Amino acid sequence: MKRILIKIAFLGLLLAGLSAKAQQEFMITQYMYNGLAMNPAYAGIHEGISLSFLTRHQWVGIEGAPTTQLVSIHSPLNYRPVSLGAVLYRDQLGVKKEHTGYFSYAYRIRIKDDIKLSFGLQANFHQINQNFILGAADDPNDPLLQSDNSMKFNAGSGLLLHSNRFYVGFSVPQMLKTKFGSQELNSSSRLVRHYYLTAGVVFGISETLMLKPNILVKAVENAPIQADLNLNALISNILWVGVSHRWKESFDGLVALQISPKLQLGYAFDFTNSDLNSTSHEVMLNYIINLPSTKILTPRYF
């Protein structure tokens with residue numbers, strides 16, 4: 001009986017993450033290098049085939065802490081203002097695993113010189129499951145220990161105004177309140193809308209030093225607004241170093257190396273500003289393949 005009560009309590013905590021009072025989308029610190037993960041209008045911004053991989057291990061040392069793996073690809077279609085992209089990610093928290101695919105379409109309009117406005121649409125496919133280890137006394141037919149492993153559809157949209165030196169974006173990655181879980185639990189197992197506002201700008205201090213402040217504002221229905229504040233410095237067009245603050249949650253350090261015009265490697269270290277007193281680690285790799293008649297800019301600011 002005690003085992004069952006513990007599992008039910010843990011399931012309740014997990015379902016709280018699927019309620020309208022919690023952040024459901026995955027969280028990454030290097031968001032300024034992985035815009036497609038939050039906004040479909042970001043597709044094609046690099047003017048080449050952009051491939052990214054990111055892995056995040058949150059609250060290291062705490063059993064069942066979140067881990068996230070993300071792979072993305074996006075590119076403009078040659079000679080057209082249309083871009084396509086895809087993000088595949090796996091997110092795990094305790095016994096809950098989520099596998100999601102985002103498939104993006106973006107259309108870009110040139111506003112002035114190198115300033116462009118992108119409109120993005122996104123089709124999402126979610127699969128969430130909880131894998132409990134049942135004991136001899138547990139009832140495998142208990143609805144509280146069941147999970148819905150079916151694939152669920154959702155949709156998102158976004159806008160992005162950008163140039164080589166700045167960007168401003170707004171997106172709603174999941175617009176539909178999709179239900180998950182058994183009939184007994186459907187009142188607390190809905191996806192909720194997330195609203196993202198992002199902005200960043202680059203300006204020069206000297207011939208060898210550039211500064212890039214970024215901000216990410218996240219709003220979830222019935223939850224407090226959260227902001228990520230970031231400042232990166234680019235040294236000699238090769239090395240990025242930066243600091244971030246996730247409001248009332250963590251302080252972060254970032255470093256990224258522009259190994260070549262096509263290859264970028266990044267690392268982020270988070271120190272949790274809470275009773276957890278834990279750290280998180282994040283590694284990012286980005287590679288760009290030239291398209292015919294295009295030239296990869298170096299450094300890439302966004």
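Me: Buried means under 20% relative accessible area, exposed means over 50%, and partly exposed is in between. In this predicted model, which label does Phe 125 get?

Reply: Phe 125 has a relative accessible area of 35%. That value lies between the 20% and 50% cut-offs, so Phe 125 is partly exposed.

Me: How many aromatic pairs are there?

Reply: To pair, ring centres have to lie within 6.5 Å. By that rule the count is five.

Me: Take Phe 125 and Phe 153: is their pair stacked or edge-to-face?

Reply: Their ring centres are 5.6 Å apart, with 65° between the planes. Anything over 60 degrees goes down as edge-to-face, so this pair is edge-to-face.

Me: How many residues apart in sequence are the parts that this pair ties together?

Reply: Phe 125 belongs to strand β5 (residues 115–130), while Phe 153 belongs to strand β6 (residues 152–162). The pair therefore links parts whose separation in residues is 28.

Me: Is Phe 153 buried or partly exposed?

Reply: Relative accessibility for Phe 153 comes out at 43%. With 20% and 50% as the limits, Phe 153 is partly exposed.

Me: What about Trp 240 and Tyr 301, stacked or edge-to-face?

Reply: The two ring centres sit 6.5 Å apart, and the planes meet at 90°. That angle is over 60 degrees, so the pair is edge-to-face.

Me: And how far apart in sequence are the parts they tie together?

Reply: Trp 240 is in strand β12 (residues 239–246), and Tyr 301 is in the segment after β15 (279–289). The pair therefore bridges a sequence gap, in residues, of 61.

Me: Are Trp 240 and Tyr 301 buried or exposed?

Reply: Trp 240 has 1% relative accessibility, and Tyr 301 has 13%. Both values are under 20%, so Trp 240 and Tyr 301 are buried.

Me: Which residue has its charged end over the ring of Trp 240?

Reply: That charged end is 4.4 Å from the ring centre, and the cut-off for this is 6 Å. The residue is Lys 212.

Me: Over to strand β6, where Asn 154 lies. Which residue's backbone oxygen does the Asn 154 side chain reach?

Reply: Asn 154 is buried, at 0% relative accessibility. Its side chain reaches the backbone nitrogen of Met 175 at 3.1 Å. It also reaches a backbone oxygen at 2.7 Å, and that oxygen belongs to Leu 176.

Key. Residues numbered from 1 in each chain as written. Predicted model: local features only at pLDDT ≥ 70, side-chain atom pairs only at ≥ 80, totals over all residues. Heavy atoms only, no water. Phe/Tyr/Trp six-rings, centres within 6.5 Å; stacked < 30°, edge-to-face > 60°. Helix = DSSP H or I, 4+ residues; strand = E, 2+ residues; numbered from the N terminus. Buried < 20%, exposed > 50% of the residue type's maximum accessible area, 1.4 Å probe, protein only. Lys NZ or Arg CZ within 6 Å of the ring centre and 35° of its normal. Polar contact = N/O pair within 3.5 Å; in protein donor to acceptor, adjacent residues only side chain to side chain.
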